[in-house]
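Biologist: I'm new to this, so please pick the place where two chains meet and take me through it slowly. After that, show me what lies around it.

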Amino acid sequence: MNLLSGTFWVSLAGALVILLLKKEAHRAIKWTAALTGFIALSLSLLAYFHYDLAFGGMQFILKRPWIPEFGIDFHVGADGVSLPLVLLTGFIFFTGVLIAWNIEDRPKEFFILFLTLVAGVFGVFVSLNLFLLFVFYELAVLPMYLLIGVWGSTRKEYGAMKLTLYLLVGSALIFIGMLALYFKSGIQSFDLMKLSEVRFPTNFQKIVFPLIFVGFGVLGGLWPLHTWSPVGHVAAPTSVSMLHAGVLMKLGAYGCFRVAICLLPEGATFWLPWIAMLATVNIVYGSMIAMVQRDFKFVIGYSSVSHMGFVLLGLASMDPVGVSGAVLQMFSHGIMTGLFFAIVGRMVYDRTHTRDLNELGGLSGPLPFANFCFIMSGFASMGLPGLSGFVAELQILLGTWNRYPILAALSGIGIVVTAAYILRVLHKVFYGELNEKLHHLEPITTVEKVAGIILVSQLIFIGLFPFVMTNLIYGTVEPLIRRLFP
Amino acid sequence: MPLPILTTINLFPLMGGLLFLLLPSERKGLLRVSAFLLSLVPFFLSLVLLLQFDRTSQAFQWVEKFPWIPTIGVDYFLAVDGLSLGMIFLTTFLTSLAILTSFSIERNLKTYLFLFLLLETGMLGVFMALNFFHFFLFWEIGLIPMFFLIKIWGSENRHYAAFKFFVYTLFGSVAMLLAFQFLYLASGTFDFTELAELSQSGLLQTKLVFLTQRLGLTLSPDVVMTIAFFAVSLAFAIKVPIWPFHTWLPDAHTEAPTAGSMVLAGILLKMGVYGFLRIVLPIFPKVLQTFAPTLGLFALASILFGAFAAMAQTDLKRMIAYSSVNHMGYCMLGIFAIAAQGETAAKASALNGVLLQMFNHGISAAALFFMVGVLYDRAHTRDLSKFGGLRKIMPVFAGLMGISTFSSLGLPGLNGFISELLIFRGSFPLMTGLTLAATGGLLITAVYLLTMMERLFHGPLGAFHGPFPDMTRHELAVALPLVFFMFLVGIYPSFLLELANRSVMHLLEIFS
C-alpha cells in the first residue's frame, strides 16, 4: 500500500465508517474520527521520514489509469514541498478532531464533512495530475460551505456564502487556465510531470500565469482578494477555522507554486514582481488591520492574511532560499494559526461566550494553559528566534533581499506591528482585570491539553532543529528553482 | 571530549530551570533555595573562567563551533575573549544576587524564578555567541522574561512599561536583523569574526558593490554600509540607551520589581554597549570614524540630559534610572572617542575605561536599585519628599547606601572613579570640546546624588506607618558582595583591566 495515498484513503474510510454509525453514538463517532486522525498523522510521519533525501525528487509515486483517453490518471507522489504540507495536514487533522471533542450538534454529519474535507486536502498535496488535483481541490472547498453554514457562528450564512463565492471564482480561473494548459501543451495530458517538461510560448505564459496564480491566490489570501478569509474564519466553528487557516490557505499557496510557477516560469518571471508587491501589502496591511480589531478571532484572521503574505513573498522571490522559507512558513504558520484558533475558539470562547477584547481580560488566572499556548504561538508569530516562525521568515527575507530589497525592508514594518498586536491581545485577553462574569470558568480539559502540547512542541522543535525540515525542503526546491529560473 | 564549558554555563540555567519547573509550587522555601543554588553553578563556573583565562592572548578562548543550519551558513559558535569575560562574570554574579533579592516574592513564585533563570541563559548567550543567528537567538530570548517580569510582578503602570520596553527593543532588533541579512547576502556569512575581517580588508565593500549591481540599486557601497551601520546601531542604541531612544528605560525601571531593575540596569543595558564593541566597531570602523563627532553629541546629550532629568525626579527609582542614562552616556562617549583621530594611548585608556565602566555601573546601579527596594519594602513609597532622618534609625543602611552613592558619583577609592577617569583621560585629547562639556554631567550627578542623600538621611524623620527596622541579615547578604566589589575595583582595578588588555589592544589595531 502506498503510504501517501494512504492518508487520503484512511480519511475517506473514516468518513464512511462514521456514515454507518448511529447518529446518537456520539462517543463512537468521535473516537472513530480521532482514530482516523491518528492513523493519518502516523502515515504522514512515516512518509516524511521514509523520504530518501539522497535520492531527491518525487517519491512514493503511484500511477493508475483513470480516464486515459483524456490523459487523466490517479497519479500521486510527493517531494520536499508536499511532504511538510502532508505532515501539517496530519497534525491539524488530529488536533482539530481533539478540539472538536465537545461538539454536541449533529456530530455525525459534522465529522463526515470534516473527514471528507481533510481527504480532499491530502489529495491536493499528493496529486501529480492536474485534473486529479482540481477534483481534490473542489472536494476540499465545498464541505467548507456546509461546515460554516450549519455549525458556524457570527453571521455564518454570510460568511459561508462569501467564502464559497470567492473560492468558486478562483476555481473558475484555475479551470480555464488548466484547460488552456491541456490544449496548448500538444501532448493532451494533465500529467504535472509531463507538463513541466513542455515549454509553453512566452506570450501564452504571460496570459495564463495570472489566471492560475490569482485563482489559487484567492485561497492563499492574496490582497486584495483576501476579504473572504477573516469573515470565513470568524464564522467557522473552531476546528474548521483551524483547518481553514492552518491548511486550506496553504492549498492556495501550494497551487500557486506547483501549478503556476512550476509550469509557467516565464510568466512567473514577468508577473512575480507585481505579486511580490501585493504580498508586501498583505504583510503590512494585514498586521495593521489586526491591530485595530475588537474581536479576538478577527485579530487572528487578519494575522493569517499577514503571515500568508510572507508565504507569497517567499514564493515570489524566485530564489531557492526564499522559496524554501515560504514552504517552511506554510508549515510553521499552519501549526501556529491552528493553535491560535484552538485557543480563541475552544479554550476561550467556549468558556466565556464572548470574543470581544474589551469584555475579556485577566484570563491568565483561570486559564493558565491557554495563556501559555497563546504566548508560544504569539511569539512564534512575531518571529522570535528559537521558534519556528523565525527560521521561515529569515529565509523568506533573505530570498527577498536578493530580488526586491525595498520590499524586504518594508516587510520589516509588518514584523514590528505583529509584535504590537500580539502584545495588545495578550494584554487584553490574559492580563488586566478579570471580568466579573468570567470568574467561574471550566478548567482546560485533558483533550485540549493534548492538542495544545502537540502543536506547541512542533513550534519549538522546528525552531531549534530547523534542519530536520529545511534539509528536505531545500533539497527539493534548490534544483527545481535553478531549473526554472536559470 | 572535554566538557564544553561555555555551553554548560550558557544552558545550565535553562536546563536546570526546566527541571526546577517540576518542583511542587507550594513548597516556596524549597523553590527559593533551589533556584539560588541553580544560579550559583554558572557563577562558580564563570569564576573558573576568570582564573583559567589566558591573559596574554588576544584570541578567542574555549571556542565551540559546529555547523547548525548549513543551508544559510549558520554555526553554533561560542567563545570568550577579554571583552566578554567581565560581562559573563557580572551576569552570573548579579543573577545570583537578584534571585537572592527575590526571596520576598510570593505570587507565582515558581514562574518568577524560572523567568530569571531563562533570562540568565539569554544574557549569557549574548555575551558568548559569535554568529549573528546564534547571537540574535539569545538577544531576543532575553527580552521575553524581562517583559513578563515587568508585566506580571511590576507596580501600577506595569502593562504600559512592559509593552513599551518590548516594542522599542523589538523595533531595534528588526532593523538589526534586516541589516545583517543584507550583509549576509553580500558576504555569505553570519560570522562576526569573518565579517569583521572582510570589512577591514575592504572585501566586504567589494562584495556589496557586486550585490547592489546585481540588484540594480544605484547605491555606492559606502552608502549601503552607512545604512547598515545605522540599522545595527539603532538596536544597540535603544538597548544602551542613547538619547533620544532612552524613554522606555525610566518606565521599565520604575515599574519592574527590584530584582528586575537590578538585572535590567546591571546587565541588559550592557548588552547594548557590548554590541557596539563586538559588532559595530570591528565591522563598521570606517563609517564610525565618519560619524563619530556627530554621534559624540548624542552621547553628550545622554550624559547631560540624563543628569538633569535625574535631578528633576522625586521618584527614587526614576532618579536612578535617569542616572543610568547618564552613566551609560560615558561609555558611549568613550566608544565614539576611539573612532576619532588621535594617539593610540588615549584610545586604549578610553576603551579600558568603557569596559571598566560597564562593570562598575553594573555593580553600582544594581546596588542602588537594591537599596531603593529595601526602602520601598518598608515605606511603601518611593517619593523622595516623604523620607527624612533615616540615618538615626537605619545606620547600617545609611552607610551602605552612602558607599553605593559615592561609587556612583565617582569618589576616588571606589570603583566608579577609576573608570570615569580613564574615559575622560582617554577622550579628552580625542574629543576635547565634548569631553569638557561632559564633565558638567559629573557635577550635576554629584549635586542630585548628594541632595538625595540629604533628603533621605537628614532632617526630621519622615512619617511612616509600621516598624522601620535596619537592614536584615538577608538584605546584607545581597548588599555586602556588591559593596565588596566597589572597593575591590576601586583599590585594585587591574584585576579586571588585565583581563581585557590584550583584547582592547587588538580591537584598537583597527583604528590605528
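Modeller: Let's start with what touching means here: two residues are in contact if their C-beta atoms, placed from the backbone, lie within 7 Å. Keep in mind that this is a predicted model. With that rule, the contact takes 26 residues from chain A and 23 residues from chain B.

Now look at the chain B side. Three helices of chain B each supply at least two residues to the side that touches chain A: helix H5 (132-141), helix H6 (143-153) and helix H7 (158-187). H7(B) gives the most, with 12 residues. Sort that side of chain B by class and you get 18 nonpolar residues, three polar ones and two charged ones.

Take A:Ala260 and skip its neighbours within four places in sequence: A:Ala260 is then in contact with A:Phe209, A:Ile212, A:Phe213, A:Phe216 and A:Ala268.

Chain A has 18 helices and two strands, and its C-alpha trace spans about 70 × 55 × 45 Å along the principal axes. For 486 residues, a compact globule would have a radius of gyration near 23 Å, and the 21 Å of chain A agrees with that. Buried residues make up 63% of chain A. Among contacts in chain A between residues at least 6 apart in sequence, 81% join residues at least 24 apart.

The two strands of chain A are worth a look too. Strand E1 (residues 59-67) and E2(A) run antiparallel and are joined by six bridges. In one pairing, A:Arg64 has A:Phe74 of E2(A) as its bridge partner. The hairpin of E1(A) and E2(A) has four residues between the strands, and A:Gly71 takes a positive phi near 70 degrees there. Strand E2 (residues 72-78) of chain A has five of its seven residues buried, so the strand is largely enclosed by the rest of the structure.

So, back where we began: on the chain B side of the contact, H7(B) is the helix to find, with its 12 residues.

Terms used
Residues are numbered from 1 along each chain as its sequence is written. Chains are lettered from A and ligands numbered from 1 in the order in which they are written. This is a predicted model: local features need pLDDT of at least 70, side-chain atom pairs count only at pLDDT 80 or more; totals for chains, interfaces and linings use all residues. The radius of gyration is taken over C-alpha atoms; the globule rule is 2.2 Å times the number of residues to the power 0.38. A residue is buried if 20 or more other C-beta atoms lie within 10 Å of its own, exposed if 12 or fewer, and partly exposed in between; C-beta atoms are placed from the backbone. Ala, Val, Leu, Ile, Met, Phe, Trp, Tyr, Cys and Pro count as nonpolar, Asp, Glu, Lys and Arg as charged, and the others, Gly among them, as polar. Two strands pair if DSSP finds at least two bridges between them.
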